[in-house]
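Thanks for making time this morning. I would like to walk you through one model, going from the contact of its chains down to a single pair of strands.

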Amino acid sequence: MVIEKTYGELCVTCNEQGYLTDLSQWTKEVGAEIAKEEGIEMTDRHWEVINYLQDQCRKEVPLSIRKVGKSGIVSIKEFYQLFPKGPLKISSRIAGIPKPVSCI
Amino acid sequence: MKELLILGAGTSGTMMVNHLRKALPKKEWNLTIVDQEETHYYQPGFLFLPFDLYKTKDVKKKIEKFIPKGVNLIQEKIDRIDKGNDNVILKNKDILKYDILIIATGTNIAPQEIEGMLGEHWYKSVFDFYTYEGAKNLRNKLRTWEGGKLVVHISEMPIKCPVAPLEFAFLADSYFINKGMRDKVDITFVTPMSGAFTKPKATEALNYLLEQKNIKVIPDFNIERVDGENKKIIDYAEEEIEYDLLVTVPTNMGDEMIERSGFGDELNYVPTDKNTLQSTVKDNIFAIGDATNLPASKAGSVAHFEAEILTENIKRYIEGKELKKEFDGHSNCFIETGHGKALLIDFNYTQEPVKGTFPFPGIGPLSLLKETHMNHMGKLAFKWIYWNMLIKGKHIPFVSAKMDTAGKQIEETIN
């Protein structure tokens with residue numbers, strides 16, 4: 001199921017869990033609006049992580065907390081401080097990339 | 001003579017050597033396979049061993065039994081691959097020259113990656129079941145365990161056979177009911193994912209199993225350390241979970257030899273083209289099975305489907321033809337749910353598991369995403385298929401390398 005959502009002046013398509021279905025629709029404004037829904041005030045540090053995640057997604061590299069922790073961008077501890085309670089899940093949503101999933 | 005070298009004689013390597021010995025002329029190609037072990041383990045059996053459903057003899061045979069005639073088997077540790085000079089250096093300093101290399105060194109558990117996991121509590125109150133040693137020690141523990149808090153735990157993704165921890169929890173429920181002590185055991189399933197199931201159709205079809213079996217799920221738990229003394233696991237958000245018996249799937253990593261060779265990702269997996277199985281390291285290096293970084297499940301069925309396509313691509317590579325971009329991430333897994341029943345799932349890179357029939361559309365006899373006794377019989381029969389057909393590279397009738405959409409209830413979904 002696909003849902004159309006409006007963030008600011010932009011209309012984007014999301015899945016039922018609120019993850020963007022097309023990264024090309026993403027803008028920084030959309031990201032900031034999603035962050036507000038998640039209760040996160042974005043800083044430069046947050047955006048650095050978001051840029052890294054999008055970059056990896058475009059290269060089709062599967063993401064994990066470890067991968068982010070070893071990226072040199074942010075430590076796992078800080079990743080948790082930036083995006084508390086499920087950092088990869090929340091940051092992926094803000095970044096407009098798919099939610100990390102297992103096989104079933 | 002040209003040299004084709006395979007590293008690893010597990011499920012993938014053994015299948016490849018059997019396929020290629022038939023496919024490549026003996027007068028032109030020497031085949032060599034290297035593995036440090038002498039035993040070939042039936043790894044799906046590690047799930048049954050802890051519950052006394054399989055005996056140790058069900059899960060191990062000599063490696064050499066499955067290596068065809070006309071192949072050199074070398075039992076020695078691998079030091080590293082020297083890709084610049086197209087050779088492999090063994091621990092005993094022998095150098096093996098190759099024209100084509102296939103990496104099939106699989107994935108191992110790495111409990112040392114989690115603080116406090118290894119140490120004096122390992123195989124006393126903290127166990128894995130992904131190794132023969134772990135599964136056997138856990139069996140001995142369960143035989144005398146008097147109950148308490150059983151925590152079944154995944155450290156981080158990706159792991160080999162991603163559904164195995166859930167199957168372990170289901171079988172534990174069955175096991176303790178049969179022993180008349182289910183009321184003495186709390187079963188908790190702890191995962192770094194957002195749930196026990198994360199795909200929409202599977203969640204819809206299978207969530208009842210957890211309630212029915214009274215298994216509590218704690219999602220989004222990313223372990224930082226094990227406090228063995230106080231029997232607790234603690235995550236990066238400082239959440240704590242107490243256990244009496246911790247059955248964990250430690251971090252999974254590719255072979256350290258990959259790291260020593262100077263390639264591989266942060267988990268020592270080989271960067272591999274997800275459709276052709278050629279590595280992105282060098283044109284004459286290919287990878288298969290758990291050793292790759294493909295976004296597919298690390299499972300025997302995946303390796304089996306990959307083997308058919310990789311065999312074709314090795315032949316094409318030798319003939320100078322373009323490689324087939326054919327691998328679609330096809331995976332096919334039985335999921336034991338306890339009490340003599342099992343589920344079956346069949347999916348690929350883009351198609352999530354859905355309901356239907358398998359392998360014959362509309363007939364079965366196996367049912368997809370549904371608990372049946374027939375599926376359980378399929379899983380048990382698979383042990384015979386594994387030892388007698390699969391690793392010997394014999395084609396399994398009616399099951400193709402590419403996923404079949406017929407027989408599946410597919411709605412249009414956008415992930």
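Let me begin with a question: how many residues does the contact take from chain A, and how many from chain B? This is a predicted model, so please keep that in mind throughout. The contact takes 21 residues from chain A and 24 residues from chain B. On the side of chain A that touches chain B, helix 3, residues 65-69, and helix 4, residues 76-82, each supply at least two residues. If we sort that side of chain A by class, we find 10 nonpolar, five polar and six charged residues.

Now to chain B, which is divided into domain 1, made of 2-106 together with 255-318, domain 2, covering 111-251, and domain 3, covering 328-415. Between domain 1 and domain 2 of chain B, the C-alpha centres are 30 Å apart, and their contact involves 14 residues from domain 1 of chain B and 18 residues from domain 2 of chain B. The side of domain 1 of chain B that touches domain 2 of chain B comprises eight nonpolar, two polar and four charged residues.

Next, a pair of helices in chain B. Helix 1, residues 11-23, packs against helix 6, residues 300-318, at an angle of about 30°, and their axes are 9 Å apart; the crossing of helix 1 of chain B past helix 6 of chain B is right-handed. From helix 1 of chain B, the residues making this contact include Met15(B), Met16(B) and Leu20(B), while those from helix 6 of chain B include Ala303(B), Ala307(B), Leu310(B) and Ile314(B). Taken by class, the residues of this contact between helix 1 and helix 6 of chain B are eight nonpolar, six polar and one charged.

Finally, the strands. Chain B has an open sheet of three strands in the order 6-7-8, paired in the antiparallel sense. Which strands are its edges? They are strand 6, at 78-82, and strand 8, at 95-97, of chain B, each of which pairs on one side only. On average, and with direction ignored, neighbouring strands of this sheet are turned by 20° against each other.

Methods: Residues numbered from 1 in each chain as written. Chains lettered and ligands numbered in written order. Predicted model: local features only at pLDDT ≥ 70, side-chain atom pairs only at ≥ 80, totals over all residues. Pairing = 2+ DSSP bridges. Helix = DSSP H or I, 4+ residues; strand = E, 2+ residues; numbered from the N terminus. Axes fitted to C-alpha atoms, helices over the stretch in contact; angles between N-to-C directions. Domains from an automatic or database assignment. Contact = placed C-beta atoms within 7 Å. Nonpolar A, V, L, I, M, F, W, Y, C, P; charged D, E, K, R; others polar. Left-handed = near helix turned anticlockwise from the far one by under 90°.
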